[in-house]
Amino acid sequence: MKYILALDQGTTSSRAIVFNRESEVVAIAQEEYTQIFPRSGWVEHNPLEIWETQSRTAVEALKRANLSPRDIAALGITNQRETTLVWNRKTGEPICNAIVWQDRRTSDYCDRLRSQYAETIRRKTGLEVDAYFSASKLKWILDNVENARRQAESGELCFGTVDSWLIWKMTDGEIHVTDVSNASRTMLFDIQKLDWDDELLEIFEIPRSILPRIASSSEIYGEVKTPSELAGIPIAGNAGDQQAALFGQACFEKGLSKNTYGTGCFLLQNIGTQAVESKNKLVTTVAWQIGGVTEYALEGSVFIGGAVIQWLRDSLGIIEKSADVEALANSVDDNCGVYFVPAFAGLGAPHWDQAARGTIVGLTRGTGKAHIARAALESIAYQSADLLDAMRADSGVQFKELRVDGGATANETLMQFQADILQIPVVRPRVTETTALGAAYLAGLAVGFWQSRDELARQWQSEKIFEPSMPPEKAQELRQKWSKAVECAKGWERL
């Protein structure tokens with residue numbers, strides 16, 4: 001019996017998971033790595049630490065499963081998207097730290113760009129002009145790292161999102177590639193023509209020679225050479241983390257949707273084979289390409305989801321570990337009128353307000369750390385509800401349920417509050433590692449490990465359904481108070 005190995009390179013940790021043919025987790029290994037904050041609003045990662053933690057976890061996962069490379073039919077990759085890396089084509093050495101998707105250093109540049117090119121960029125890429133995406137980060141590197149632009153123009157440098165970097169490293173620098181889903185997050189890619197766009201490259205002053213080759217999401221790109229413990233495994237699946245989660249949730253039909261609760265929160269809806277422009281400040285993105293057929297998704301992104309719990313742990317110190325937040329939040333009956341808008345990196349969809357800042361409102365003398373913890377937890381659900389409202393308006397689809405995944409879905413208080421606020425059932429699947437599972441599915445389809453999407457859809461099962469228990473009028477009242485708190489966060493710059 002063979003297995004699939006999935007690499008899940010996330011914003012705060014690198015993980016590797018071995019799946020069997022029944023989509024069950026056989027073994028898992030995970031390592032957190034360093035978050036670098038050089039200045040206010042700047043977020044960086046060390047590319048070599050990303051590679052080292054990811055390669056170690058891959059080797060460790062096989063070891064825990066007592067498997068060898070011969071037992072692995074294929075390897076799939078999923079990754080934090082938009083995060084921008086540049087390295088030397090000959091030496092393989094990064095020229096600087098990776099600029100993470102949360103980083104806001106190019107916000108002012110994007111503000112200036114928006115006034116002239118917003119419509120052009122939205123029409124071609126499906127994206128809003130924002131520092132979130134890769135293009136402005138890449139331009140910053142070329143303009144600010146010594147000799148970077150000269151080296152790029154002479155063909156000495158490679159740009160990539162994390163998937164490109166990992167494939168480059170695993171193949172000893174032989175393959176510089178990305179897939180359409182990751183390319184669609186760069187703001188340099190025309191989602192209709194499915195290619196890098198010359199006009200966009202000119203706007204951002206990016207030489208084409210620095211870009212990776214674009215491939216589908218499910219094909220054999222090459223074989224692993226490094227680390228030697230994985231040598232010979234075909235690399236056969238690649239998709240950005242949220243597209244992979246949509247695939248892992250078996251959202252293969254138009255209208256099916258999922259929400260992932262990770263560092264951020266990401267709500268995606270399959271919209272089929274036609275890219276439809278959002279009228280409610282969501283983005284249109286490539287979901288995946290398989291066998292020459294490209295499918296698209298509407299997406300809403302919350303920049304700070306689970307990261308707000310890490311902030312409670314690391315910056316405030318009111319919890320020892322992230323899992324402690326549920327017990328602390330449940331130690332009080334409600335939030336006591338406290339609302340927390342964690343706009344640490346501005347606000348994403350549907351607001352797209354780069355100037356918004358984190359805001360806590362409703363504090364009284366009786367407010368304690370438990371109320372702040374509860375408000376932080378609830379903020380994840382409120383932000384996700386704002387996305388769902390925008391998606392309803394765009395697609396006209398009345399959600400019958402919301403499929404959920406990601407680490408925070410283990411928090412049953414959050415899941416129940418999400419169902420209450422949305423007033424629809426929230427469905428947690430049997431396998432919650434759906435991001436990695438999606439990458440595994442894409443790799444497995446490429447090598448015939450699984451034969452069809454119908455086979456995969458039959459394997460999807462719910463583990464628990466959270467039914468709304470809050471009266472609709474109460475949910476509406478709470479949503480209105482949340483909206484006022486958001487306006488405070490958005491108004492901070494004006495004050």
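**A residue, then the spaces**

Author: Happy to. Ala-297 lies in strand S18, with strands (E, at least two residues) and helices (H or I, at least four) being DSSP runs numbered from the N terminus. This is a predicted model, where local features need pLDDT of at least 70, side-chain atom pairs count only at pLDDT 80 or more, and totals for chains, interfaces and linings use all residues. Residues are numbered from 1 along each chain as its sequence is written, and side-chain values use heavy atoms, with hydrogens and water left out.

Reader: Is Ala-297 buried or exposed?

Author: Ala-297 counts as buried because its relative accessibility is 0%. Buried means under 20% relative accessible area, exposed over 50%, and partly exposed in between, with a 1.4 Å probe and protein chains only.

Reader: And what does Ala-297 touch?

Author: Leaving aside residues up to four places away in sequence, Ala-297 touches Leu-246, Leu-268, Gln-269, Ile-271, Val-283, Thr-284, Thr-285 and Ala-287. Contact here means heavy atoms within 4.5 Å.

Reader: Changing topic, how many cavities of 30 Å³ or more are there?

Author: There are three. On a 1 Å grid over the protein atoms alone, a cavity is a set of points where a 1.4 Å probe fits but cannot get out; a pocket is an open set with protein on both sides within 12 Å along at least five of seven lines, and lining residues have an atom within 4 Å of a point. Points are joined across faces, edges and corners, and a volume is the space filled by probe spheres set on them.

Reader: What volume does the largest cavity have, and which helix gives the largest share of its lining?

Author: The volume of the largest cavity is about 70 Å³. Helix H13 (residues 434-447) supplies the largest share of the lining, three residues. Among the lining residues are Ser-23, Arg-430, Leu-437 and Trp-460. By class, the lining divides into five nonpolar, five polar and one charged. Ala, Val, Leu, Ile, Met, Phe, Trp, Tyr, Cys and Pro count as nonpolar, Asp, Glu, Lys and Arg as charged, and the others, Gly among them, as polar.

Reader: What about the second largest cavity?

Author: The second largest cavity holds about 60 Å³ of space. Strand S18 (293-302) and helix H11 (369-395) each supply at least two residues of its lining. Ser-301, Val-302, Gln-383 and Asp-386 are among the lining residues.

Reader: Last one: where is Thr-359, and what does its side chain reach?

Author: Thr-359 is in strand S20 (residues 359-361). Its side chain reaches the backbone oxygen of Arg-357 at 2.9 Å. Thr-359 counts as buried because its relative accessibility is 14%.

Methods: Polar contact = N/O pair within 3.5 Å; in protein donor to acceptor, adjacent residues only side chain to side chain.
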